Amino acid sequence: MKRNLIMFFTVLGFILNAQLIKTKRGIVSLDGIHVAKITSKSGEYTFMDLKETPIFTMQFVDKSIVDSVRDSYVKLNRVYNREKTLDMDYISPSAFSGDEKSAVYTCIKALKIIDERGINIKNLDEVFKNMPKRKLDAKTKEAYTIRTKIDKLNITVNNVGEILSNGVPVGYFTNLPVSFGSEDTISDKTFVDIEMYDAKSKLVGKYSTTTKRITTAGGKVFTLYREMSGRASILKFPTYKALAERMAILDPNFIKIKEKVEVGEVVKDGVEKEKK
């Protein structure tokens, strides 16, 4: 009985202390008191005081880092100083993130830059002075590390299927679908695997268009672009560039990261390319 009473009064305390947050017709209210105004345009929310003076903006970002890993966060800007932008985590009161309710909820509950007196300029200044650190999970951190390596490689695929790193040929694709050259995505399903070779015509790995799996010559397997639902949905078909990038990560010997990329001449079908 005593334990039940403690639990009852604990829950009652939460209920009594819970703030009622409402946003209706662009007016943000706390416990029935108007505290701020909000407008939105192209996914960016502008927060104003009750005199409609713009104070700061919040924009939701949902981007692909690498393959199927995505990162969602907000960009916070002061209206009078657009040069300084803060990338921050946000919280959502429901399963639907990245909407007006999430923007308001984050400002009140997480950042505390809106309270019962209105927009709290002192707290807003503090946020920009001491930016809260983002809380990234291990998978997202790893994806950013991979992204950094990939960016250094600067991989591109030209219109004949050659793979280049920082403008230098490092390999090529074979068994390309009919659509290659007209599309940058691999959308044609074929029972013949797309193969990748390095600059010396050594097989690096294969990609199956039916299973969306990369298999390296060394036996590593990776599935590209698993379909997901909701806000985290991703492209159904991978690009040739994404395929080459992932192979470079799976097989570090394919393209080695150095101050500048060093590879031999591309040999295709046993014939060395003519030097220009």
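Start by selecting Glu245, which sits in helix H5, residues 240-250. Keep in mind that the coordinates come from a predicted model. Is Glu245 buried or exposed? Its relative accessibility is 9%, which is under the 20% limit, so Glu245 counts as buried.

Now show the side chain of Arg147 as well. The side chains of Glu245 and Arg147 make a polar contact at 3.4 Å. To see what else surrounds Glu245, hide its neighbours within four places in sequence; the residues in contact with Glu245 are then Arg147, Ile150 and Ile155.

How many cavities of 30 Å³ or more does a search of the whole structure find? The search finds 1. The largest cavity holds about 40 Å³ of space. Select Ile186, Ser187, Asp188, Lys189, Tyr207, Thr209, Lys212 and Phe237 to display the lining of this largest cavity. Sorted by class, that lining has 3 nonpolar, 2 polar and 3 charged residues.

Move on to Ser201, in the loop between strand S13 (194-198) and strand S14 (203-208). Check the backbone here: phi of Ser201 is positive, about 60°, although Ser201 is not a glycine. With a relative accessible area of 25%, Ser201 is partly exposed.

Then select Ser42. Where is Ser42 found? Look in the loop between strand S3 (33-41) and strand S4 (44-48). Ser42 is a residue other than glycine, and its phi is positive too, near 55°. How exposed is Ser42? Its relative accessible area is 72%, and because this is over 50%, Ser42 is classed as exposed.

Finish with a pair of strands. Select residues 69-78 for strand S6 and residues 81-88 for strand S7; the two run antiparallel and are joined by 5 bridges. S6 and S7 form a hairpin, with 2 residues between them.

Note on methods:
Residues are numbered from 1 along each chain as its sequence is written. This is a predicted model: local features need pLDDT of at least 70, side-chain atom pairs count only at pLDDT 80 or more; totals for chains, interfaces and linings use all residues. Side-chain values use heavy atoms; hydrogens and water are left out. Helices (H or I, at least four residues) and strands (E, at least two) are DSSP runs, numbered from the N terminus. Buried means under 20% relative accessible area, exposed over 50%, partly exposed in between (1.4 Å probe, protein chains only). A polar contact is a pair of N or O atoms within 3.5 Å; within protein, one must be able to donate a hydrogen and the other to accept it, and residues adjacent in sequence count only if both atoms are side-chain atoms. Contact means heavy atoms within 4.5 Å. On a 1 Å grid over the protein atoms alone, a cavity is a set of points where a 1.4 Å probe fits but cannot get out, and a pocket is an open set with protein on both sides within 12 Å along at least five of seven lines; lining residues have an atom within 4 Å of a point. Grid points are joined across faces, edges and corners, and a volume is the space filled by probe spheres set on the points. Ala, Val, Leu, Ile, Met, Phe, Trp, Tyr, Cys and Pro count as nonpolar, Asp, Glu, Lys and Arg as charged, and the others, Gly among them, as polar. Two strands pair if DSSP finds at least two bridges between them.
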